[in-house]
Every structure is written in structure tokens, then in C-alpha cells.
Amino acid sequence: MMRIGHGYDIHAFEGSGELWLGGVSIPDARGVRAHSDGDVILHALIDALLGAAALGDIGQHFSDTDPRWLGVQSSKMLEQTLSEVQAAGWKVGNVDVTVITEEPKLNPHREAIRKNVAQLLSVEMGCVNFKATTNEGLGAVGQAEGIAAHVVVLLEDA
Ligand code: MG
């Protein structure tokens with residue numbers, strides 16, 4: 001059997017903190033406002049995994065008022081999510097990531113992000129696709145006020 005899931009996340013740019021995408025630190029970029037490290041790819045990926053496995057959403061599993069998750073690396077949250085998904089009898093088939101942002105340019109980081117996401121999920125790099133697009137200047141994302149991501153995941157019987 002196969003199951004599909006979708007996840008979406010957005011964070012506002014703020015301050016001089018690090019920008020994390022797919023567990024990769026992106027140099028020379030603005031950081032984001034977040035309870036955790038604000039990694040929009042990993043947050044959307046967690047929601048996509050939970051969605052495909054019918055296990056709810058990221059807010060139920062990692063409450064943003066819970067001090068345990070304050071400043072936590074999203075890769076740790078993903079690790080826990082993956083264990084739950086695996087315990088429910090699923091393995092990851094493939095992942096398709098779309099990031100929407102006006103800045104920074106993500107093309108130079110494409111392969112590093114694919115590699116790291118694949119590693120975090122214990123799948124081949126060929127099972128992870130990365131796309132980046134702008135919002136063509138429209139709306140908050142288009143005005144470079146923040147960064148958003150969509151992730152679609154296919155799960156297969158383990
Ligand atoms: Mg988030």
C-alpha cells in the first residue's frame with residue numbers, strides 16, 4: 001500500500017540568526033522568527049510525514065509552548081517523527097520539496113539540501129527532489145518578509 005502526505009510551513013525573516021533549510025545552515029542569509037530553529041523544509045516535511053501516516057500535525061507532536069522544543073534542532077523533531085511513522089509500519093518512498101522565497105538564491109545549496117534530507121530519512125538522494133521558486137514579488141513572501149515551503153511525501157509499506 002502507498003500513502004501520500006502534504007506539509008506546508010512559513011516563517012518570517014527576523015534578526016541575524018542562522019537560516020536553516022533541510023538541516024543545512026545557509027550562509028549570508030537572514031534568520032527567521034521561530035520557537036525552534038525555524039527550518040521550513042523540515043517542518044513541512046514533518047507535517048507531510050504525519051499527514052501520510054494519518055498521525056496528526058506538527059503542533060500536536062511538538063507544541064510551540066513546550067519548553068522541550070525551545071531552540072531545538074528540527075532534525076531532532078524529524079528523527080522522532082520518522083520513528084513514529086516507521087512504528088506505524090511505513091517507510092519513505094520519495095519526497096518532493098518546494099521552497100518559495102525571494103532570497104537568498106538557493107540554487108548553490110540544492111545538492112547539499114537534497115543530500116542532508118535524504119540522510120535524515122535514510123533514503124537514496126535520488127528519492128529527494130528540491131525545487132526553489134520566488135513569489136514574483138507578490139504578497140508577504142514576494143516582499144521578502146519570509147520564507148515558505150511545501151513538501152509532498154509518499155509512504156510505502158515497510
Ligand atoms: Mg515552522
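Predicted model: local features only at pLDDT ≥ 70, side-chain atom pairs only at ≥ 80, totals over all residues.
Pro108 belongs to the loop between β4 (90–100) and α4, and its C-alpha lies 20 Å from that of Val32, a residue 76 positions away in sequence. The loop between β4 and α4 also holds Pro104, which is joined to Glu103 by a cis peptide bond with an omega of about -10°.

### Positive phi in two loops

Ala54, in the loop between α1 and α2 (58–61), has a positive phi of about 55° although it is not a glycine. Glu136, which sits in the loop between β5 (128–133) and α5 (139–142), likewise is a residue other than glycine with a positive phi, here near 55°. Ala54 is exposed, since its relative accessible area is 56%, and Glu136 is exposed as well, with a relative accessibility of 67%.

| Residue | Relative accessibility | Class |
|---|---|---|
| Ala54 | 56% | exposed |
| Glu136 | 67% | exposed |
| Ala148 | 3% | buried |
| Val99 | 0% | buried |

### Strands β4 and β6

Val99 is placed in strand β4, and Ala148 in strand β6 (residues 146–157). Val99 counts as buried because its relative accessibility is 0%, and Ala148 counts as buried because its value, 3%, is under the 20% cut-off. Although Val99 and Ala148 are 49 residues apart along the chain, their C-alpha atoms are separated by 5.8 Å. Ala148 lies 15 Å from Ser74, C-alpha to C-alpha, across a sequence separation of 74 residues.

The surroundings of the two residues can be described by their contacts. When neighbours within four places in sequence are left aside, Val99 is in contact with Ile41, Leu106, Phe130, Lys131, Ala132, Thr133, Ile147, Ala148 and Ala149. With residues up to four places away likewise not counted, Ala148 touches Tyr8, Asp9 and Ile10, together with Val40, Thr98, Val99, Ile100 and Val141.

### The magnesium ion

Asp9, one of the residues touched by Ala148, is also a donor to the magnesium ion.

### Packing of helix α1

Which helix packs against α1 at an angle of about 40°? The partner is helix α4 (residues 110–121), whose axis is 12 Å from that of helix α1 (residues 40–52). An angle of this value makes α1 oblique to α4, and the crossing of the two helices is right-handed. On the α1 side the contact is made by Ile41, Leu42, Leu45 and Leu49, and on the α4 side by Ile113, Val117, Leu120 and Leu121. By class, these residues comprise eight nonpolar, no polar and no charged.

Helix α1 also meets helix α3 (residues 74–87), where the axes come within 10 Å and cross at roughly 10°. The angle is under 35 degrees, so α1 and α3 are roughly parallel to each other. Leu42, His43, Leu45, Ile46, Leu49 and Leu50 of α1 form this contact with Ser74, Ser75, Met77, Leu78, Thr81 and Val85 of α3. The classes of the α1 and α3 contact residues are eight nonpolar, four polar and no charged. Leu42, Leu45 and Leu49 of α1 take part in the contact with α4 and are likewise listed in the contact with α3.

How values were computed. Residues numbered from 1 in each chain as written. Heavy atoms only, no water. Axes fitted to C-alpha atoms, helices over the stretch in contact; angles between N-to-C directions. Helix = DSSP H or I, 4+ residues; strand = E, 2+ residues; numbered from the N terminus. Parallel < 35°, antiparallel > 145°, perpendicular 65-115°, else oblique. Left-handed = near helix turned anticlockwise from the far one by under 90°. Contact = heavy atoms within 4.5 Å. Nonpolar A, V, L, I, M, F, W, Y, C, P; charged D, E, K, R; others polar. Donors = N, O, S within 2.8 Å, 3.2 Å for Na, K, Ca; no water. Buried < 20%, exposed > 50% of the residue type's maximum accessible area, 1.4 Å probe, protein only.
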